[in-house]
Amino acid sequence: MNIQEIKTQLSSISDTDYDGISKFILDYSNDLRSGVVTTVNQAKKKLVQLETEYLRSEKMLSFEKKYRSLGHQAICGIDEVGRGPLAGPVVACAVILPTDDTILYLNDSKQLSAKKREQLYEEIIERAVAYGIGIVSEQRIDEINILQATYEAMRMAISNLSVTPDLLLNDAVRIPEVEIKQVPIVKGDTLSASIAAASIVAKVTRDRMMKSYDEIYPGYDFSSNMGYGSAKHIEALKKNGPTPIHRKSFISNFIEK
């Protein structure tokens, strides 16, 4: 096999395929061609990174393991996105992860690239025991304020689960009017795999909505700013006025009375 074919073989192995990478190293470790030696070293680096990720992912499950040891079985992570934008809804997600199937690379959605979020979104919805989405509109946000709208989206996400959780791991907040036991965790989307998974699904769900809105309301750059107050967004708001998806209670500083 020539060197390019060997490089192609390595590139075809998933970054999460521990056995595949290990076998590749074993197969070519005795090949002394310089290009192959370089490729094998790349594979070894991948393996070290993967081992590090396994350790990090194991640590991300510490809260889930703690409460599972106390008798909880259906442990649900909850997070939201969209509290700060000038336009669009607030979106919450509730996720119950499997106990015997670790999803690697889960983290706060803001720390992941858009491509990685999309990949993880597909993995999460395919492998989760259950997930639910809650979406509260900009009109409702104006009516009851963003904090109450966030709580409403979270309650909606919980109610949309196909499995009833017996414990909620929340990103920092305690959700009113919910009888299920709750554990607020500060910076939970960086500490709990379940909350991180919820943050990713909520983020991808909302981003896709905002990209669709960009086609309906061009000029505000929604596909890039996701409704947040970027310079281009504010310029368009001042020039063209608000769209139906703008939050009136958020934009008073940018439009004429």
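Two strands are taken to pair if DSSP finds at least two bridges between them. Helices (H or I, at least four residues) and strands (E, at least two) are DSSP runs, numbered from the N terminus. The model is predicted: local features need pLDDT of at least 70, side-chain atom pairs count only at pLDDT 80 or more, and totals for chains, interfaces and linings use all residues. Residues are numbered from 1 along each chain as its sequence is written, and side-chain values use heavy atoms, with hydrogens and water left out.

**View 1. The open sheet.** Five strands with mixed pairing make up an open sheet, ordered β3-β2-β1-β4-β5. Neighbouring strands are turned by 20° against each other on average, direction ignored; axes are lines fitted to C-alpha atoms, for helices over the stretch in contact, and angles run from 0 to 180 degrees between N-to-C directions.

**View 2. Strands β1 and β2.** Six bridges join β1 (residues 75-81) to β2 (residues 90-96) in the antiparallel sense. Glu 80 stands opposite Ala 92 in β2.

**View 3. Helix α7 on the sheet.** Residues 146-159 form helix α7, which lies across β1, β2, β3 and β4 (167-171). This helix runs at about 150° to β3. Contact means heavy atoms within 4.5 Å.

**View 4. Helix α8 on the sheet.** Helix α8 (residues 193-216) lies across β1, β2, β3, β4 and β5. The helix runs at about 40° to β1. The protein chain as a whole has ten helices and five strands.
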